[in-house]
Amino acid sequence: MTYYAEWLGRLVPERDRIGKLEVRYDPRDISRVYLRDPHSGALLPVARRDGVATPVTLWEHIGHRGDARAAHARSDVEKVAIRRQIAGIAESARQKKAVLRQAARAAHAAAGQKPYQAMTPQSPAPPATPAPAERRLPVEEW
């Protein structure tokens with residue numbers, strides 16, 4: 001539950017100097033809580049933010065929260081399936097990132113002459129040798 005009162009607005013600029021506020025409530029009716037004003041020391045009422053003023057006990061509120069959680073709860077099988085989907089998405093993102101990184105590295109590596117290539121001596125071109133003449137076998141005629 002969230003609570004709100006107009007007079008809390010003047011405490012916002014002083015929040016680093018006043019410290020924590022003392023909160024009091026009646027467990028038989030938590031539709032309203034009481035905060036101790038740090039300047040006057042008086043307990044001032046703070047109503048629910050949604051404006052509902054019907055009394056709600058602490059135990060009813062805990063029960064409603066438990067019911068809401070149970071209504072939206074997932075089974076263990078669903079939880080495992082969701083975790084696997086999340087892991088699969090994260091893994092595919094890692095693979096895509098690795099592929100992109102490898103492609104960028106390959107593009108940078110292909111550009112320009114490498115330092116080790118400049119240090120190796122140029123090998124002379126092989127001498128041009130004439131192609132050997134084709135020798136045909138003599139053909140005997142009968």
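## Sheet pairing and a buried histidine

Strand 1 pairs with strand 4 (residues 43-48) in the antiparallel sense, over two bridges, and within this pair R48 of strand 4 is the bridge partner of Y3. Strands here are DSSP runs of E with at least two residues, helices are runs of H or I with at least four residues, and both are numbered from the N terminus; two strands count as paired if DSSP finds at least two bridges between them. The model is predicted, with local features requiring pLDDT of at least 70 and side-chain atom pairs counting only at pLDDT 80 or more, while totals for chains, interfaces and linings use all residues. Residues are numbered from 1 along each chain as its sequence is written, and side-chain values use heavy atoms, with hydrogens and water left out.

The four strands form an open sheet in the order 1-4-3-2, with antiparallel pairing. Its edges are strand 1 and strand 2, each of which pairs on one side only.

| Strand | Residues |
|---|---|
| Strand 1 | 3-4 |
| Strand 2 | 23-26 |
| Strand 3 | 29-36 |
| Strand 4 | 43-48 |

Strand 3 and strand 4 pair in the antiparallel sense over five bridges, and V33 stands opposite V46 of strand 4. These two strands form a hairpin with six residues between them, and in the turn G41 has a positive phi of about 80°.

Helix 2 (residues 58-71) contains H61, which is buried because its relative accessible area is 17%, where buried means under 20%, exposed over 50% and partly exposed in between (1.4 Å probe, protein chains only). Leaving aside residues up to four places away in sequence, H61 touches M1, I30 and V56, a contact being heavy atoms within 4.5 Å.
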